Number of protein chains: 2
Amino acid sequence: MVEPVTLPDPTMPDFSGWTCPLPLRDHPNVVMGHGGGGQMSGELIEHLFVPAFGNPVLAGLTDSAVLELGGARLAFSTDSFVVQPLFFPGGSIGHLAVNGTVNDLAMSGAQASYLSCGFILEEGVELSVVAQIAADLGAAAEHAGVTVVTGDTKVVDAGHGDGVYLNTAGIGLVPDGIDIRPQRARPGDVVIVSGLIGVHGIAIMSVREGISFGTEVVSDCAPLNGLVAAMLAVARDVHVLRDPTRGGVATSLNEIAKAAGVGIELIERDLPIPETVANACSFLGLDPLYVANEGKLLAIVARDEAEEVLAAMRAHPLGGDAAVIGECVPAHPGMVVTRTAFGATRVVDTPIGEQLPRIC
Amino acid sequence: MVEPVTLPDPTMPDFSGWTCPLPLRDHPNVVMGHGGGGQMSGELIEHLFVPAFGNPVLAGLTDSAVLELGGARLAFSTDSFVVQPLFFPGGSIGHLAVNGTVNDLAMSGAQASYLSCGFILEEGVELSVVAQIAADLGAAAEHAGVTVVTGDTKVVDAGHGDGVYLNTAGIGLVPDGIDIRPQRARPGDVVIVSGLIGVHGIAIMSVREGISFGTEVVSDCAPLNGLVAAMLAVARDVHVLRDPTRGGVATSLNEIAKAAGVGIELIERDLPIPETVANACSFLGLDPLYVANEGKLLAIVARDEAEEVLAAMRAHPLGGDAAVIGECVPAHPGMVVTRTAFGATRVVDTPIGEQLPRIC
C-alpha cells in the first residue's frame, strides 16, 4: 500500500537568459545573502520574482505599491519578520512588524490605515511569549494610528521556525498630488537623513552576541508616518523617501541612484553616526553606512525646498537630528560616493549580502 | 566585554480572566492544534489576539475584513502557508498562496484585485524550488485575474523553516449592496456546498505519508472568485459564504452556527464525498466532514433563492457537483448535527485541533 512519493520536478531557472554576469552569484541554493537586501536580494527579485509575477507595478521596486482601486489611490505593502532575538533593547518583533509596514507605506507618502497580521508559530513556544508579542504589536499599532483588521495563525513543528515569524501587510491612502518614488531624484537635489544612523542593527547585534559597548544601544524602531505628514505639510513635492533598513543608508541610496540614473555624493563628516555605533562598528569591522535602521528615513528634495523640509523635520520628535548628508550629482550616474575630510572620494557600493543577518 | 543577555520579561497572559473553562486547553506552550483552525485556534484568537489588537472589524472573525478607505469599500485578508510537502498532486504552495487569499476575499463577495507576497526561505533550499513556486504563484495569479504588486523576501538559517513559507495578503472591491457574513444565517436558510468534499486534505496526506488509495487523489485547489461572481449575478442577497479549509465543512458550519445563533442540520446521505476520499478516511480513521478543502465553498441562502443559486453554480466549471446538504434550523442554536439514513442525528462538533496538520 505504501508507495514512493513522486514530487513534481521543479524546472531549473533558465540561467542562460539572465543578463547578470554572475546570476544569483552562481549559487544554486538560497544563502543568507539572498535575504540581506543587497545585491543578491536584488538579483532574486529581478531574475526570479519579477519574471514570475511580472507587471509594471511590481517592477517599480518601491517599498510599497501605489495603485488605484474603486476610485481610491492606495499604497499597499508587505514585510515578513524573522528577527533574532524576538525581544531586543527598544522593542520586539511585534513593534518591528507594525513599524516596518507603516514605514514602507509612508515612503510612498501614504498614511497607513489598516494592517493584516500573519503569525507562524513554532510548536512549543511559550504562550506568554506569543502574548507579549501580540501586546507589543497592538501597542505599536495604536501608537502609529493603524488598525489590525485581519490575521492568520499557522503552527510549524518544533525545531522549525524560531518561536515566532510574523508577516504584516498594510494599506493606506496616498494624498492627491503626491508622487514619491526613487526615479524622481534629480541632479542638484539634496539628500537628508532624519537622524542618527546604524542604531537598530547594532542594538540587535549587541543583544544577540552578548556584546556590550559601554552605553546600551537601544533600537530606533519607530513609526515614521507622523514625520512624513509633517514634511508633506510644508513640501508636497518631496521627490524620494526611503527607510534605510536592511543594507542601511548605503544600499538605499544605491537603489535610488540606479533607479533615477543620478550620482549621489555624501559628505562623510556630515553623516550623523552616534559614538556608540561608531565604536561598535570599529570593534566589529562594520561600516555604519551598511547597518540597518528602523526609525529613520532618507529624503531627497529639490534644493530650494530643503531648508523648509529640514526645519519641519527638526520640529518633529523623530527628526530632531535631521541633517543634510549629501546631494545628487550628474556625474557617475547610478553610483554613490562619499567625500572624506581630506577631499578624497570613495565608492559606497551595494553590499552583496548583509553584514548582520536577520535584523528584521 | 561579553555580558549575559537580559531579555524583556514577557508577561504571562492573565488566564484568570478568561471565560473558557479550559483556557487554551491549559497548555502554557503552543501545540500543533493552535494552528488547526479548530477550537484551540479559536481560543488563541479570542483570548490572545482580539484583546491585543481589539477592534470591531477584527472581532467579526470573518475570512476577510470589509472596510472603507477613500470612498472605496474594500475587503482585506491574509494567510500564511506552511504546507508540507511544498508540491503535491494538483498544485503547490504557490497555487495555495494565491487561491487561499483570493478565496478569503471572495467569501465577502469581493473580487480580488491585488496581492502582496512574502517569502520566508530556508538557507540551502534549491533556487530551482523557489523558481518553480514563484512560477506557480504567478500562473495562479494570472488564472485568478489578480496581480501581485508588492513582496518581501527573508532568509532563515538552515534547519529552521521548511524550504519555503509563504504569506499573501489581498485586497479587492466589495460590490455595493453585498453583505455576506456568518452572522446573517437564518433559520429556514438552505446550506449548499459547491462540490465534492475532503479532496485537498486527502491529497496532501497521500503524498506526505506515501499512501496510495488506488486512484490518485488530486487537490481541488482553485480560485473561487469566478464562481462567487456567477452566484451573485443571480442572487445579490447571499447570506453567508465560507471556504471550508482547515477543519473542513464541520468547522466552518460550527463557526457560522455560533456566529448567527442558529442550528444547522445536515443530511448525511446528501454529503458529496468522493469514493476515494471515503475510502481513505475509512482507512485512516478520519471523518470527511473535518478534512480540508481548497477549492470548495459553503453558501447559505434564503430558501426561495436556493434553486436559482444552485443552477448558477452548476453552470460554472467549479460548481458542477454543487448540492444542497442541509438547512439552518431554530433548534439547538450554535450546534451542527447530521441526520443519518436511519433518521438518527449525531452532533458534528468543532474539532479541538486538526486531524491533518499543515495542509495549507
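Modeller: Helices (H or I, at least four residues) and strands (E, at least two) are DSSP runs, numbered from the N terminus. This is a predicted model, where local features need pLDDT of at least 70, side-chain atom pairs count only at pLDDT 80 or more, and totals for chains, interfaces and linings use all residues. Residues are numbered from 1 along each chain as its sequence is written, while chains are lettered from A and ligands numbered from 1 in the order in which they are written.

Biologist: Fine. What's the strand order in the open sheet of seven strands in chain B?

Modeller: The order is β9-β11-β8-β12-β10-β13-β14, and the pairing is mixed. β9 (240-242) and β14 (345-347) of chain B are at the edges with a single partner strand each, so each has one side without a neighbour in the sheet. From one strand to the next, the twist averages 25°; angles here run from 0 to 180 degrees between N-to-C directions, and axes are lines fitted to C-alpha atoms, for helices over the stretch in contact.

Biologist: And β10 with β13 in chain B, parallel or antiparallel?

Modeller: Parallel: four bridges join β10 (residues 263-267) to β13 (residues 336-339) in chain B. In that pairing, B:Leu266 sits opposite B:Thr338 of β13(B).

Biologist: Which strands does helix α9 of chain B touch?

Modeller: α9 (residues 303-314) packs on the sheet and touches β8 (190-193), β11 (298-301) and β12 (323-329) of chain B. The direction of α9 makes about 15° with that of β8(B). By contact I mean that the C-beta atoms of two residues, placed from the backbone, lie within 7 Å.

Biologist: What does β2(B) pair with?

Modeller: Five bridges join β2(B) to β1 (residues 65-69) of chain B, antiparallel, and eight bridges join β2(B) to β7 (residues 164-173) of chain B, again antiparallel. B:Ala75 shows up in both pairings: B:Val66 stands opposite B:Ala75 on one hand, and B:Gly172 in β7(B) is the bridge partner of B:Ala75 on the other.

Biologist: Over to chain A. What's the order in its open sheet of five strands?

Modeller: β1-β2-β7-β5-β6, with mixed pairing. The edge strands are β1 (65-69) and β6 (147-156) of chain A, each pairing on one side only. The twist there averages 20° from one strand to the next. Inside that sheet, 10 bridges join β5 (residues 111-122) to β7 (residues 164-173) of chain A, running antiparallel, with A:Tyr114 opposite A:Ile171.

Biologist: How do α3 and α4 of chain A pack?

Modeller: α3 (residues 93-106) and α4 (residues 127-144) of chain A pack at an angle of about 35°, their axes 7 Å apart. The crossing of α3(A) and α4(A) is right-handed, which is the label if the near helix is turned clockwise from the far one by less than a right angle, and left-handed if anticlockwise.

Biologist: Which residues meet there, in α3(A) and α4(A)?

Modeller: Among them are A:Ala97, A:Val98 and A:Val102 from α3(A), and A:Ile133, A:Leu137 and A:Ala140 from α4(A). By class, the contact of α3(A) with α4(A) has 10 nonpolar, three polar and one charged residues. Ala, Val, Leu, Ile, Met, Phe, Trp, Tyr, Cys and Pro count as nonpolar, Asp, Glu, Lys and Arg as charged, and the others, Gly among them, as polar.

Biologist: Now the interface. How many residues of chain B are in contact with chain A?

Modeller: 89 residues of chain B, with 89 residues of chain A. α4(B) gives the most to the side of chain B that touches chain A, 11 residues. That side of chain B divides into 52 nonpolar, 28 polar and nine charged residues.

Notes: Two strands pair if DSSP finds at least two bridges between them.
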